[in-house]
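Hello,

I am passing this structure on to you, and I hope you enjoy looking through it. My notes on what turned up follow below.

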Amino acid sequence: MIVRLLALVTVAGALAGRLPAQTDPLLARTKGSPKAPVTVYEMSDFQCPFCKRHADQTFPALEKEYIATGKVRWIFINLPLSIHPNAPPAAEFAMCAAREGKFWPAHDLLYRHQKDWAELPNPGNYFLGLADSAKLPRDRIRACLESGATRAAIKDDADGALRSGATSTPSFYIEGGMLVGALPPAIWRPILDSVVKAKTGK
């Protein structure tokens, strides 16, 4: 678990610089005010146990203290690792849910039930069950999954994350720096506080 600073221009070109050129393709995977002074890009893998730890143990506190209060905007970037064979189909399910405006419910369900689907030889039917839990239209989700409609976007996410310097998950790009690993809220707070203060003077 280390903090590794990167050149801002390199990461901005790989991730942040993608936003103005598109019609906000990341909106469905974003939490927080667009006017928040700080943006965090989370680069994660749905089959990664450390990403689950972050989602379960850290993100709820950060959401309450920084996202809900308007200090931080949070954006999820897919980085499925080759060591996790079910991570790509899980990302596809989440991205198909995003098309229905329900990325975050799918995100939460995938991490909550990670142990149930992570080792399945074919998790597709399980994901359709999660679609029911998230009140997603099963037929449209099935069609989206079968067509591979979101694969290009996932590859684009992963390519951008790798160009930014991310080599493991979870990794977090924070205004010119990279934070790596599933870290507790106590580690996050002074980092975010200092970045918010640098951006706002408060």
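Helix α3 and helix α8 (residues 151–164) pack against each other at an angle of about 110°, and their axes lie 9 Å apart. Please keep in mind as you read that this is a predicted model. Since angles of 65 to 115 degrees count as roughly perpendicular, α3 and α8 are therefore roughly perpendicular to each other. The crossing of α3 past α8 is right-handed. On the α3 side you will find Pro88, Ala91, Glu92 and Met95, which meet Arg151, Ala153 and Ile154 of α8. Sorted by class, the contact of α3 with α8 holds five nonpolar and two charged residues, with no polar ones.

There is another helix pair to look at. The axes of helix α2 (residues 49–67) and helix α4 (residues 103–112) come within 9 Å, crossing at roughly 110°. That makes α2 and α4 roughly perpendicular to each other. Their crossing is left-handed, whereas α3 passes α8 in a right-handed one. From α2, the residues making the contact are Cys51, Lys52, Ala55 and Phe59, and from α4 they are Trp104, His107, Tyr111 and Arg112. By class, the contact of α2 with α4 has five nonpolar residues, one polar residue and two charged residues.

Now to the chain as a whole. The protein chain has nine helices and six strands. Of its 202 residues, 50% are buried. If you take the contacts between residues at least 6 apart in sequence, 79% of them join residues at least 24 apart.

Which residues touch the most other members of the largest nonpolar core? In this core of 47 residues, they are Val40, Phe46, Trp74, Phe93, Leu110, Ile174 and Trp188. Helix α3 (residues 87–99) gives the most to this core, contributing eight residues. A second core of twelve residues is separate, and Ile75, Ala166, Met178 and Val180 are among its members.

Leaving aside residues up to four places away in sequence, valine 40 touches Val72, Arg73, Trp74, Ile75, Phe172, Tyr173, Ile174, Trp188 and Leu192.

Finally, here are some backbone details in the loops. Threonine 169 and proline 170 are joined by a cis peptide bond, with omega about -5°. Proline 170 sits in the loop between α8 and β5 (171–174).

Lysine 135 has a phi near 60°, a positive value in a residue other than glycine. You can find lysine 135 in the loop between α6 (124–133) and α7 (138–147). Is lysine 135 buried or exposed? Its relative accessibility is 71%, so lysine 135 counts as exposed.

Glutamate 175 also has a positive phi in a residue other than glycine, near 45°. The loop between β5 and β6 (177–180) is where glutamate 175 is found. With a relative accessible area of 32%, glutamate 175 is partly exposed.

Conventions. Residues numbered from 1 in each chain as written. Predicted model: local features only at pLDDT ≥ 70, side-chain atom pairs only at ≥ 80, totals over all residues. Heavy atoms only, no water. Core = buried A, V, L, I, M, F, W, Y, C linked by side-chain atoms within 4.5 Å. Buried < 20%, exposed > 50% of the residue type's maximum accessible area, 1.4 Å probe, protein only. Helix = DSSP H or I, 4+ residues; strand = E, 2+ residues; numbered from the N terminus. Contact = heavy atoms within 4.5 Å. Axes fitted to C-alpha atoms, helices over the stretch in contact; angles between N-to-C directions. Parallel < 35°, antiparallel > 145°, perpendicular 65-115°, else oblique. Left-handed = near helix turned anticlockwise from the far one by under 90°. Nonpolar A, V, L, I, M, F, W, Y, C, P; charged D, E, K, R; others polar.
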